[in-house]
Amino acid sequence: MQKREKVLVFGYFGKRSHIMEGQSVKTRNMSRLLRDMGCDVSEFDTESFRYDPLSVAKMLVRLMRCDKVCVLPAHNNLKWIVPLIYILSLVFRYKIYLFTIGGRLHIYLRSMPFHRFFLGRIARIFNETRLLGDNLRDQYGYKNLTYCPNFKFVDFTPQIHHTAHHLKLVFLARIVAEKGLDVIFDYCDFLRRNNRSDVEVDFYGMIASKDEDYFNTKVTEYDFVNYKGVAQQSDIPSILEQYDAMAFPTHYPTEGIPGSILDAYISGIPVIATNWVYASELIDDGKSGIIVPFENSSDDFIKACEWLLEHEEKLKEMKVYAHGKSRIYHADNVKRILSAYF
């Protein structure tokens, strides 16, 4: 019988703090997927650097014992830890597979000459978006690139919920100003000025401490806005299918493939999003969502919401299309991509 590969998944799991956001969810999902593929998986949670004085020693032991290491780094770990992992690979002879989170890698590398050198020599870089792969290939000549999108394990058949002449919007992500809270509240101001009661807006997610006062104050200003807390991953599809569309007016220009948009597709609801760099790769404008300008987007965001309110049959078509698009981002598709390497 073929020996199982020993694979180390190295990234932010957030198991001590129990934080579930984009990076920790993708890291946990990658570990689960490789287990499903038959690998002998061990894990190293980079959160342990904050509280465990033996974390570096434990990291070294795990690296010594693995055949392959899958790295899912945020910026700090990319800058400081990944070079160490590369240098140690020359001694311990394991292969490195880097999975990007978001779409800024080509930007980070502009000021990192050593990183530019060694990342072109690791076994594989799995770019989360196709455009990121193009940028890495064109700017740095990398040939060790494979497209591997963000993914979910969820199998869910949503029901179409809609109340005539009424629009239910949902925001599900980390509640931080940079995700476009101001754009959503501009729409709420528009509704209040016009004495409207035909739209509801609900928020789910962890509130960033720096924006907590602002967010809580704004929510209390409107009768039709609610904060619903943090949704459990297993409950998200059944929660989101109750809504008409997801609001995602991000101010981050290099979002990759946000998990919250995948959740929207799985749940059968379209997305109203700003035109971040990779938006058109993920959203089929007018089919799985509506893309509004990235800068000064409030007026266009309002128009998009009002358009959905006025075109109910088209909204139902978009819900069906959005759910169909979710199949692209299912774990089974990613398994097929990774089967050539694991």
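## Exercises on sheet, core and salt bridges

Leaving aside neighbours within four places in sequence, Leu98 is in contact (heavy atoms within 4.5 Å) with Val71, Pro73, Leu78, Val82, Leu105, Leu119, Ile122, Arg124, Ile125 and Phe126. The model is predicted, so local features need pLDDT of at least 70 and side-chain atom pairs count only at pLDDT 80 or more, whereas totals for chains, interfaces and linings use all residues. Residues are numbered from 1 along each chain as its sequence is written, and side-chain values use heavy atoms, with hydrogens and water left out.

**Exercise 1.** Determine where Leu98 is found and whether Leu98 counts as buried or exposed.

*Solution.* Step 1: Leu98 belongs to strand 4, residues 95-99. Helices (H or I, at least four residues) and strands (E, at least two) are DSSP runs, numbered from the N terminus. Step 2: the relative accessibility of Leu98 is 2%, and Leu98 therefore counts as buried. The classes are buried, under 20% relative accessible area; exposed, over 50%; and partly exposed, in between (1.4 Å probe, protein chains only). Step 3: between Leu98 and Val69 there are 8.3 Å in space, C-alpha to C-alpha, and the two are 29 residues apart in sequence.

**Exercise 2.** State the strand order of the six-stranded open sheet and identify the strands at its edges.

*Solution.* Step 1: the order is 2-1-3-4-5-6, with parallel pairing; two strands pair if DSSP finds at least two bridges between them. Step 2: strand 2 (40-45) and strand 6 (145-147) stand at the edges; each has a single partner strand, so one side of each lacks a neighbour in the sheet. Step 3: from one strand to the next, the twist averages 20°. Axes are lines fitted to C-alpha atoms, for helices over the stretch in contact, and angles run from 0 to 180 degrees between N-to-C directions. Step 4: strand 1 (residues 6-11) and strand 3 (residues 68-72) run parallel and are joined by five bridges. Val9 has Cys70 as its bridge partner in strand 3.

**Exercise 3.** Which residues touch the most other members of the largest nonpolar core?

*Solution.* Step 1: a nonpolar core is a set of buried Ala, Val, Leu, Ile, Met, Phe, Trp, Tyr and Cys residues joined through side-chain atoms within 4.5 Å. Step 2: the largest core holds 54 residues, of which Val69 and Trp276 touch the most other members. Helix 3 (residues 75-92) gives the most to this core, six residues. Step 3: not counting residues up to four places away in sequence, Val69 touches Leu8, Phe10, Leu63, Ile85, Tyr94, Lys95, Ile96 and Tyr97. Step 4: another core, of 33 residues, lies apart from the largest one and includes Phe171, Ile175, Ile272 and Met318.

**Exercise 4.** How many salt bridges are counted, and which parts of the chain does the pair Glu306 and Arg196 tie together?

*Solution.* Step 1: a salt bridge is a side-chain nitrogen of Lys or Arg within 4 Å of a carboxyl oxygen of Asp or Glu; the count by this rule is 20. Step 2: Glu306 and Arg196 meet in a salt bridge at 2.8 Å, N to O. Glu306 lies in helix 12 (residues 298-310) and Arg196 in the loop between helix 7 and strand 8 (199-204), so the pair ties together parts 110 residues apart in sequence. Glu306 is buried, at a relative accessible area of 14%. Step 3: salt bridges with shared partners join Asp189, Arg192, Lys218 and Glu221 into one network.
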